[in-house]
Amino acid sequence: MTNKVSVDQDFCQAHGRCYAVFPDLFEPDDEGRAQVKNHGAVPESNTVDEILAVCPEAAITSV
Ligand code: F3S
């Protein structure tokens, strides 16, 4: 299983749930869209599935 995620900018609608719930993994750009931090490396304390589930637009994908 992969342990990295990315954000598809075509789908991100700046809901902001990702960086509210996982601030160590995501941060907003100037328009509120998510960018990954630390190259999208998933912290050991989290699973990829729970991170993917936080986005209502399914903009977060495993890579
Ligand atoms: Fe964008 Fe989804 Fe986060 S819409 S800001 S990737 S919760």
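Colleague: Which helix gives the largest share of the shell around the ligand?

Modeller: This is a predicted model, where local features need pLDDT of at least 70, side-chain atom pairs count only at pLDDT 80 or more, and totals for chains, interfaces and linings use all residues. Residues are numbered from 1 along each chain as its sequence is written, and side-chain values use heavy atoms, without hydrogens and water. Helices are DSSP runs of H or I with at least four residues, strands are E runs of at least two, and both are numbered from the N terminus. The largest share, 3 residues, comes from helix 1 (residues 17-21).

Colleague: Which residues come nearest to the ligand?

Modeller: A residue is near if one of its heavy atoms lies within 4 Å of the molecule. The shell divides into 7 nonpolar, 4 polar and 2 charged residues. Here Ala, Val, Leu, Ile, Met, Phe, Trp, Tyr, Cys and Pro count as nonpolar, Asp, Glu, Lys and Arg as charged, and the others, Gly among them, as polar. Of the 13 residues around the ligand, the nearest are C12, Q13, G16, C18 and C55.

Colleague: Is G32 buried or exposed?

Modeller: G32 lies in the loop between strand 2 (26-28) and strand 3 (34-36). Buried means under 20% relative accessible area, exposed over 50%, partly exposed in between (1.4 Å probe, protein chains only). G32 has 16% relative accessibility, so the residue counts as buried.
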